Amino acid sequence: MLVPSLKPPRLLEREVTGQIREFMKLKGWRPLRMQRTVMPGQFQTGEPGIPDFVFLRYLKPGLAAVLWIEIKRPGGKLRPAQLEWIPREQKRGAAVWVVEDFDNFHRKYYGEFGWLHDGRLAGQIELFRGALA
């Protein structure tokens with residue numbers, strides 16, 4: 001008798017979004033939703049192609065880390081406006097990530113922002129101060 005192969009269910013974009021938002025809030029980031037529904041099927045954004053969220057992590061008064069995140073369901077595709085907005089903002093120096101699943105996001109987060117949680121924060125603020133001088 002053949003046993004059908006079982007594939008894990010595909011996560012919906014809202015499920016990936018919930019995982020990312022809750023993790024970031026636990027890590028001290030402030031999530032700001034950049035889209036809002038105007039009417040069913042229509043959204044209003046600040047700029048065409050802007051990611052779903054911008055996350056702010058205040059390091060000290062007047063200094064914040066900023067991370068833009070576009071969240072897609074696994075296998076989801078970027079829209080043409082997003083394909084223009086993301087590299088343009090990255091050229092300006094922004095951290096802009098496209099996230100499809102929590103595991104890859106988690107690894108990347110600790111690779112880029114682990115210093116926020118392992119005692120190196122004060123030293124990193126000094127680096128920012130030097131860069132801003």
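**The sheet, its helices and the aromatic pairs**

In strand β4, the residue that forms a bridge with R30 is L56. The structure is a predicted model, in which local features need pLDDT of at least 70 and side-chain atom pairs count only at pLDDT 80 or more, while totals for chains, interfaces and linings use all residues. Residues are numbered from 1 along each chain as its sequence is written, and side-chain values use heavy atoms, with hydrogens and water left out. Helices (H or I, at least four residues) and strands (E, at least two) are DSSP runs, numbered from the N terminus.

The bridge between R30 and L56 belongs to the antiparallel pairing of β1 with strand β4 (residues 53-60), which extends over four bridges; two strands are taken to pair if DSSP finds at least two bridges between them. Four strands form an open sheet of mixed pairing, in the order β1-β4-β5-β6. Because β1 (30-33) and β6 stand at the edges with a single partner strand each, one side of each is left without a neighbour in the sheet. Neighbouring strands of this sheet are turned by 30 degrees against each other on average, direction ignored.

Helix α1 (residues 13-26) packs on the sheet, where it touches β1, β4, β5 and β6, and its direction makes about 165 degrees with that of β5. Contact here means heavy atoms within 4.5 Å, and axes are lines fitted to C-alpha atoms, for helices over the stretch in contact, with angles running from 0 to 180 degrees between N-to-C directions. Helix α3 (residues 102-113) lies across β5 and β6 and runs at about 160 degrees to β6.

For helix α2 (residues 80-91), the 12 residues should span 16 Å at 1.5 Å a residue, and the end C-alpha atoms are 18 Å apart, which agrees; the expected span is 1.5 Å times one less than the number of residues. An α-helix has 3.6 residues a turn, so residues three or four places apart point the same way.

Rings of Phe, Tyr and Trp (its six-membered ring) pair if their centres lie within 6.5 Å, and planes under 30 degrees apart count as stacked, over 60 as edge-to-face and the rest as tilted. By this rule the count comes to 14 aromatic pairs. F53 and F55 form a stacked pair, at 5.5 Å centre to centre with 25 degrees between the planes, and both are buried, F53 with a relative accessible area of 3% and F55 with one of 0%. W68 and W85 form an edge-to-face pair, at 5.1 Å centre to centre with 70 degrees between the planes. Because W68 lies in strand β5 and W85 in helix α2, the pair ties together parts that are 17 residues apart in sequence.

I69, found in strand β5, is buried at 0% relative accessibility. Not counting residues up to four places away in sequence, I69 touches residues including I20, F53, F55 and W97.

Notes. Buried < 20%, exposed > 50% of the residue type's maximum accessible area, 1.4 Å probe, protein only.
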